[in-house]
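Please look at the model below before reading on.

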Amino acid sequence: MSIDQESNPDDQPEYKGTDTEPAAVTELALPEDILPTTLNLLPTFERPFFPIQTMALTLPADPWRETIAGAEQAAHHTLGIVLARPEADEAPSADALHRTGCAIRIHQVTERDEHIHLIAEGLKRFRIIQWLEKKAPHRARVEYLEETADASDKEYRAYTMAIIGTIKKLIPLNPLYNEELKLFMERFTPNQPSFLTDFAANLTTAAAEELQEVLATRTLLERMEKVLVLLRKELEIAELHMEISTQVEQKLSEQQRKFFLQEQLKVIQQELGISKDDRTAEVDRFRARMAGLQLSDGAKTRVEEELEKLAILEQGSPEYGVTRNYLDWLTALPWGRYSKDRLDLKRARRIMDRDHAGLADVKERIIEFLAVGRLRGEIAGSILLFVGPPGVGKTSIGRSIAEALGRKFYRLSVGGMRDEAEIKGHRRTYIGAMPGKFLQALKELDSANPVIMLDEVDKIGASYQGDPASALLEVLDPEQNSDFLDHYIDVRFDLSKALFICTANQLDTIPKPLLDRMEMIRLAGYIGEEKYAIAQKHLWPRVLERAGIAGKQLRLSDAALRKVIEGYAREAGVRGLEKQLRRIVRKAAISLAKNASQRLSVNARNLAEYLGQPLFQTPRPLSGVGVVTGLAWTSLGGTTLAVEATRVHCRNRGFRLTGQLGEVMRESAEIAYSYIASHLDSYGGDSGFFDDAHVHLHVPEGATPKDGPSAGITMATALLSLARGQKLPRPLAMTGELTLTGQVFPVGGIREKIIAVRRNRIHEVILPRDNQSDFEALPAHLRQGLTIHYADHYRNVFRIVFESVK
C-alpha cells in the first residue's frame, strides 16, 4: 500500500502474538493492547526509538501539548515516534521526518517549566501511508510492519549466537552494557531474535541514520546482518578506548611509582648523609658560584642576607621562589669577569678592510680610537655614535670592532622602546620581574666588558611608563655607569668597562643630553665605485651562496652591475643594491630549477629581463632663466635640488612658494627675496623689477617634504637670474645659508652633498667658506675632479656665477 493510498476507514482491532509463536496462533487482546491505525506523531532528534525500548522523554510543551493530551485521553495511550532528519527544527514539517517509526505507549505524563516529561514504552514498528496533518502537531495513517520469514531456524540461530557473542565481548569493556543486558533479560529471552536484534542495535553508539536503516528493515535476517556489523564496529571502538585508557593508566602509575621511589630515595640519602635537600642544594650552588666571582662588598652583603632568608623560608611559599630567582640572577652576573683586549692596530685594520669596502675616513677614526685605547692599556668609558643613512654598514662595523678587540658582541635594538624598565629593570615587587636588557646581555655573554650596540637610538620612544632615553643617560655616562643601579638587582654594577656603540639615521630626535655623552662618527654613504667594489667582494657572492647557486652557473657582468647601481640602487647605502641582486638570482633560479646544467649570464643588454625598466633615469638637467641647482641633505643621503623662479604677471607685486617646503625653508626663501629685491641694482638688475612683478618660486618633486636653510643662496641666485633675464652659463651646484645682509653661513652634510654632486656628474660647486675644512677633510677620491668655489658673502656667489662669463 503506497503512502497516497488510504486504508479501510474502519479501524480493525489488531491481535498481538508473541515473538516465538506462529502467526496462526493468536489470542484475544485486551482493549488497551489494540494499536490504532491512525496515530498522533512525536519527533525524536538524536536516535530512532525501537520497540523494545523504555525510556524517559522530555518535549517542549508547545506544540506537543495537544498531541500528548489526546493520547492520554485515548484508551490505548498510544503515539507514534519518528526520527527527524538532521536539518529539521524543533517543530519539523512532514518532509523533515522519516517514514518509518515506532508506536509507543506513554506513562506518567507531567508538565513543568514549559516542558512535558513522560515514560515511553516501545511497542511496534510502523510505516506512514498517509499524512493527515503535515504540520505540528502531526497526525498520520500508518500500517504496522510484520516480520517475514526469510531464513531457516539454523540461520536465525547462527546470527543470534553471533550477536550474543559480540555482546559478551562488549560487557567487560563497559559496565553500562551489563546494566542494559540485565534490564533486557528481565523482559525477554535470547530465543526472541527480533527483540534481541532491536536490543543490540539500541546498545550501540552508531549514527542516527544507520539506526534508522535498521528500524526500517522489515526482514529479520537482513536486520540481524546490519546490527551485527554495527556491533562489530562498536566492539572495535570499545577495544580501542580500553587500550588508550590502559596506556594512560600505566603512564600515571609509572609516574606515581617513580615519584614515591624518588621521595623514598631522598629520605634514605638524607638519613645516611649522602645527599641534601633541595634548599640546601640551592644554597650550596649559589655559594659555589660566588667562589668564582669578584663581587663588590655591597653585593656580597646582599647575597649573604638573601641566603639567610632562603634558609628559613618554606619551599612552598611564594617568597621562596622570588628569593631563589633573585639569588640566581645575582650570582649569574659576570662580576669581575673580563675578556682580554687585543689592541693590535694592524689586525684591526685588516678585519675592517676585509668586512667593508670604502669608508676610509670612518676606518681611520676607529683606528685612532683604538690607538688611544692601546696607549691607555684598555678601551673603557667610551660611547661611539655612528650616524648615517640606512644600509651604510653601521651595525656591521660594530661587529668588526668587537672582533678586532677580541670581545663578545651583543646587539640591542632600542627603536620604539617605551618602557624604562627595559633599561633599568623591574622592581622585585612585581610578578615576573626581571633585570634590564644590559644586565641580561652581560649574563648571556658571561663577560663584563662586551661590545654592546644600541641600534636605532634616534627612534627611541616615551610613554606613561617612563622615558627610556632619560634612563640611558646613566648607562651611557662614563662618570655614572661605573655604579649602574638596576631596579631588580638593586646592587651597584660596573658597566664602565663595556664599549657602547649607538647607531642612528639622524640626530634631530636624539635628546641633547644623551647626544652630549657620545663621540659621533658620520657614515655618509657610498659613491658608485665603492658600491661596485662592495657588490663584487661581498654582496654578489653572499646572494649566490644563500640561493645555493654556484658562481659558474650565474654570471653578472661588470657593465650589468654598474647599470644596477646607477639605474636601480642610487640610495646612499647598499641594502637596496642587495635587494636588486637578490631579484636577479630569484629570476635565474626559475631557469636553473628547470635545467641545472645550463649557464646563465646577465649583462647590460638583458638586465631589464630580470629587473624590469630602471627605477632611476639619467637626471634631465634643468636650465634656463631662473633655474639653479642646489644641494640638500636627507636621512637617506645627499641629493641635488633644482630651484625654479618665474614671473607670473606684472599687475601687482607678490611672491608665491610651492614644493611642500618646510617652515625654515620658507623663511630662507623670503630672506632671499628680500635681499635680492633690496640689492638688485648693485647686481646689475632693474631695481624696479620686483615692484610690480608677481614671482612664483618652486622646488620640483612636490610630493617630497623639504626643509632647512641650506638652499638660501640657491633661491637667491634663481631670483637674480630671473631679474637679470640671464640663465646660468654652465652647470654648477651650490649650497649655503643666506642672511638678510648677504652673509653666507656654513651648512651641514658636506660629504653627502659632494657624493650627490658626483652621482649627478656635476663638476663645479659653490660652498660656504666656513665649510672649506669639511671639504678638505674628505677622501681624495671624493675631491678629485671637482672645482670648488668658496663664498662668505653673496657678492662672491654673484661673481662666480655671472661675472665669470665676461
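Is the crossing of helix 18 and helix 19 left-handed or right-handed? The crossing is right-handed; a crossing is called left-handed if the near helix is turned anticlockwise from the far one by less than a right angle, and right-handed if clockwise. This is a predicted model, in which local features need pLDDT of at least 70 and side-chain atom pairs count only at pLDDT 80 or more, while totals for chains, interfaces and linings use all residues. Residues are numbered from 1 along each chain as its sequence is written, and side-chain values use heavy atoms, with hydrogens and water left out.

Two packed helices are described by the angle between their axes and the distance between the axes. Helix 18 covers residues 558-568 and helix 19 covers residues 575-594. Their axes come within 10 Å and cross at roughly 125°. Axes here are lines fitted to C-alpha atoms, for helices over the stretch in contact, and angles run from 0 to 180 degrees between N-to-C directions. Helix 18 and helix 19 are therefore oblique to each other. Angles under 35 degrees count as roughly parallel, over 145 as roughly antiparallel, 65 to 115 as roughly perpendicular and the rest as oblique.

On the side of helix 18, the residues that meet helix 19 are L561, V564, I565 and Y568. Helix 19 contributes L577, Q580, L581 and I584. Contact means heavy atoms within 4.5 Å. The residues of this contact divide into seven nonpolar, one polar and no charged. Ala, Val, Leu, Ile, Met, Phe, Trp, Tyr, Cys and Pro count as nonpolar, Asp, Glu, Lys and Arg as charged, and the others, Gly among them, as polar.

Helix 26, residues 794-801, is mostly covered, with six of its eight residues buried. Buried means under 20% relative accessible area, exposed over 50%, and partly exposed in between (1.4 Å probe, protein chains only). The buried residues are Y794, N796, V797, F798, I800 and V801.

H115 lies in strand 5, residues 115-133. With a relative accessible area of 34%, H115 is partly exposed. H115 and L59 are 56 residues apart in sequence but 5.6 Å apart in space, C-alpha to C-alpha.

Now consider the whole chain. Its secondary structure comes to 26 helices and 24 strands; helices (H or I, at least four residues) and strands (E, at least two) are DSSP runs, numbered from the N terminus. Of its 806 residues, 47% count as buried.
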